[in-house]
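This report is for a reader who meets the structure for the first time. It begins with the terms and then turns to the protein itself.

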Amino acid sequence: MPVPERRGLVSRSLLREDAYRAIRDAIVDGTLAPGERLNDTDLVAWLGVSRTPVRDALGRLEQAGLVHTKPGRHTIVSPLDVRAVHHAQSVVAAMHELAVREAVPHLAATELDAMRAANARFAAALRAGDVAGALDADDAFHGVPVTASANQAVHTVLEQFTPVLRRVERLRFSSLAGRASVAQHERIVDLCAAGDAEAAATASRENWQTLTPLLTTPGPDGGESPSLAGP
């Protein structure tokens, strides 16, 4: 497994969460590609932790649908499965809709300004072709109402299912199609500022549903392919 050259990425004193996030992020950003075998020994050397947090991280990643393990055989990075991504998209869209609905009555001017600033960074990153920067700014934008909603259940569900969408979002934000999200974000902020919780919540859900065109790829028979893993 060609893990990154840097070693000891995670301090031995840190918790299992750090190993989980490091492996998850490497899958999401494509460092660990779909179908790639994950060897415990290589991951231990790369992260600088013991085998236990690595195995724990892989177990959590399997629950999230990012890796697939055959007991006693091997663990691989999961292909981009259309059905799994559709399901994750439905859940994530619903959670953001709920977060915005609950957050609008409590959003202060400083939080609305934070959303506008995040969207400005998002637009700048798209213009520069900076996909990682666009994803970070998008996270910051949507994170404001999630935090303001103070709904821990929403946060927990998003933590599990958002990474499944991240690989697809990288495709969206590397294309011109991603530019439409800037205007959608502006509309969400305007509706939040106006105190229209229902319309803002609907706009947020629709924003997350714009990934749908990327989830359908033509299969060999002209139908929808069950995987976006590529050749």
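A residue is called buried when its relative accessible area is under 20%, exposed when it is over 50%, and partly exposed in between, using a 1.4 Å probe and protein chains only. By this rule H96 is buried, because its relative accessibility is 6%.

The model is predicted, so local features need pLDDT of at least 70 and side-chain atom pairs count only at pLDDT 80 or more, while totals for chains, interfaces and linings use all residues. Residues are numbered from 1 along each chain as its sequence is written, and side-chain values use heavy atoms, with hydrogens and water left out.

**Overall layout**

The protein has nine helices and two strands. Helices (H or I, at least four residues) and strands (E, at least two) are DSSP runs, numbered from the N terminus. Their order along the sequence is α-α-α-β-β-α-α-α-α-α-α. Of the 231 residues, 44% count as buried. The protein exposes about 11,300 Å², and carbon and sulfur atoms supply 54% of that area. Accessible areas come from the Shrake-Rupley method with a 1.4 Å probe; for residues, only the protein chains shown count as cover.

A contact means heavy atoms within 4.5 Å. Among contacts with a separation of 6 or more, 74% join residues 24 or more positions apart.

**Two residues**

| Residue | Helix | Relative accessible area |
|---|---|---|
| H96 | α4 (residues 82–103) | 6% |
| R16 | α1 (residues 16–28) | 42% |

Leaving aside residues up to four places away in sequence, H96 touches H142, V146, L158, S204 and W208. R16 is partly exposed.

**Helices α6 and α8**

The axes of α6 (residues 131–149) and α8 (residues 180–193) come within 12 Å and cross at roughly 20 degrees. Axes are lines fitted to C-alpha atoms, for helices over the stretch in contact, and angles run from 0 to 180 degrees between N-to-C directions. The two helices are therefore roughly parallel, a class for angles under 35 degrees.

In this pair, D138, F141 and H142 of α6 meet H185, I188 and V189 of α8. By class, the contact has three nonpolar, two polar and one charged residues. Here Ala, Val, Leu, Ile, Met, Phe, Trp, Tyr, Cys and Pro count as nonpolar, Asp, Glu, Lys and Arg as charged, and the others, Gly among them, as polar.

How values were computed
Parallel < 35°, antiparallel > 145°, perpendicular 65-115°, else oblique.
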